[in-house]
Amino acid sequence: MGIVAALLLLVVPAFTNLKGSGDVTTAAETVAGMLAQARTYAIANNTYTWVGFYEEATSASAPTAVPPPYPGKGRLVLAVVRSLDGTPIFDSSDPAAVLPASRIAQVGKLARIEGVHITDIGAPPSPTPDPNPLPNSLGARSDLPYTYAAGINADHFNRISSDSADATQFWFVAQGYTFYKTVRFTPRGEANLNSTYSLKVVAELGIVPTHGDVASTPPASGGRYTGNVAAIQFSGAGGNFKIYRQ
């Protein structure tokens with residue numbers, strides 16, 4: 001039995017395909033789960049981990065490496081890598097560069113989630129509606145990913161969106177994909193997002209369903225998505241991953 005089990009491990013693909021079928025709740029749970037696991041790994045192994053996000057068209061047949069904003073929609077690709085020596089590899093003052101392949105290693109499989117698009121879904125209404133929205137609804141989530149540091153035009157660094165040109169200062173390559181959008185976790189479990197290594201107060205990923213390579217029509221400037229939409233929020237210091245639904 002042991003030999004059979006070992007052989008089975010050899011034929012397991014190096015990625016996991018997840019059929020989203022527009023089920024943004026399942027997609028959000030998968031993304032939140034990978035983020036939480038990467039954070040736990042960083043803490044448990046006293047090292048740094050990076051979670052990478054790449055979005056491509058559902059018709060894509062080979063790994064791509066196009067910088068953001070990502071041109072394709074409908075298939076979200078995620079990967080987790082770790083620092084082999086327990087260091088951040090680069091300091092925030094270093095020039096932009098790819099994380100050297102010799103100094104990182106992939107953690108787990110690459111995941112592909114079909115039928116979803118990550119984008120800005122719009123801040124919750126302000127002031128908060130009366131009566132108060134349900135605790136897990138989009139209207140009850142924090143508005144900090146859209147308002148924190150907005151005065152210096154940096155609020156978008158609190159969110160991950162395939163439609164944004166924001167890119168991490170230190171990107172990485174895994175299984176042919178180049179991940180320019182990342183969340184980095186420190187050995188203390190602190191989260192840093194995309195173009196800055198400053199600690200995030202609250203970060204957000206918005207998820208909407210797609211039909212083939214077409215995503216839901218985004219709202220006008222300052223508007224909000226409606227319908228089958230989800231948001232993942234987490235704090236920079238403590239993780240606390242939470243999913244909000246429409």
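**Reading the labels**

Mentor: Let's start with an open sheet of three strands, in the order β4-β8-β9, with mixed pairing. Its edge strands are β4 (97-98) and β9 (177-179), each of which pairs on one side only. This is a predicted model: local features need pLDDT of at least 70 and side-chain atom pairs count only at pLDDT 80 or more, while totals for chains, interfaces and linings use all residues. Residues are numbered from 1 along each chain as its sequence is written, and side-chain values use heavy atoms, with hydrogens and water left out.

Trainee: What makes β8 and β9 a pair?

Mentor: Two strands pair if DSSP finds at least two bridges between them. Strand β8 (residues 170-174) and β9 have three bridges, in the antiparallel sense, so they qualify as a pair. In one of these places, V173 has T178 of β9 as its bridge partner. The strands themselves are DSSP runs (E, at least two residues), just as helices are runs of H or I of at least four residues, all numbered from the N terminus.

Trainee: How do you know that β14 and β15 pair?

Mentor: By the same rule: five bridges join β14 to strand β15 (residues 239-245), and the two run antiparallel. Q233 stands opposite K242 in β15, and a hairpin of three residues connects β14 to β15.

Trainee: Why is E55 called buried?

Mentor: Buried means under 20% relative accessible area, exposed means over 50%, and partly exposed is in between (1.4 Å probe, protein chains only). E55, in strand β2, has a relative accessible area of 0%, so E55 is buried.

Trainee: Which side chains does the side chain of E55 meet through polar contacts?

Mentor: A polar contact is a pair of N or O atoms within 3.5 Å; within protein, one must be able to donate a hydrogen and the other to accept it, and residues adjacent in sequence count only if both atoms are side-chain atoms. The side chain of E55 makes one with H117 at 2.7 Å and one with S162 at 2.5 Å.

Trainee: What makes H117 buried too?

Mentor: Its relative accessible area is 1%, so H117 falls on the buried side of the cut-off. H117 is in strand β6, and its side chain also has a polar contact of 2.9 Å with the side chain of D163. Contact in general means heavy atoms within 4.5 Å; leaving aside neighbours within four places in sequence, the contacts of H117 include E55, K73, S162 and D163.

Trainee: What makes a group of residues a nonpolar core?

Mentor: A nonpolar core is a set of buried Ala, Val, Leu, Ile, Met, Phe, Trp, Tyr and Cys residues joined through side-chain atoms within 4.5 Å. The largest one here has 29 residues, and V31, L35, F53, V183 and I207 touch the most other members. Its largest share, nine residues, comes from α2. L35 touches V51, F53, V183, F185, L205, F234 and F241, not counting residues up to four places away in sequence. A second, separate core has 18 residues, including W50, Y70, I89 and Y177.

Trainee: What makes N46 and Q175 stand out in phi?

Mentor: Most residues other than glycine have a negative phi, and most peptide bonds are trans. Phi of N46 is near 50°, a positive value, and phi of Q175 is also near 50°. N46 lies in the loop between α2 and β2, and Q175 in the loop between β8 and β9. N46 is exposed because its relative accessible area is 55%, whereas Q175, at 31%, counts as partly exposed.

Trainee: How do you know that the bond joining P68 and P69 is cis?

Mentor: Its omega is about 0°. P69 sits in the loop between β2 and β3.

Trainee: Which residues are closest to the centre of the second largest pocket?

Mentor: That pocket has a volume of about 150 Å³. Eleven residues line it, and the closest to its centre are M34, Q37, V80, V107 and G108. The largest share of the lining, four residues, comes from α2.

Trainee: And what makes it a pocket rather than a cavity?

Mentor: On a 1 Å grid over the protein atoms alone, a cavity is a set of points where a 1.4 Å probe fits but cannot get out, and a pocket is an open set with protein on both sides within 12 Å along at least five of seven lines; lining residues have an atom within 4 Å of a point. Grid points are joined across faces, edges and corners, and the volume is the space filled by probe spheres set on the points.
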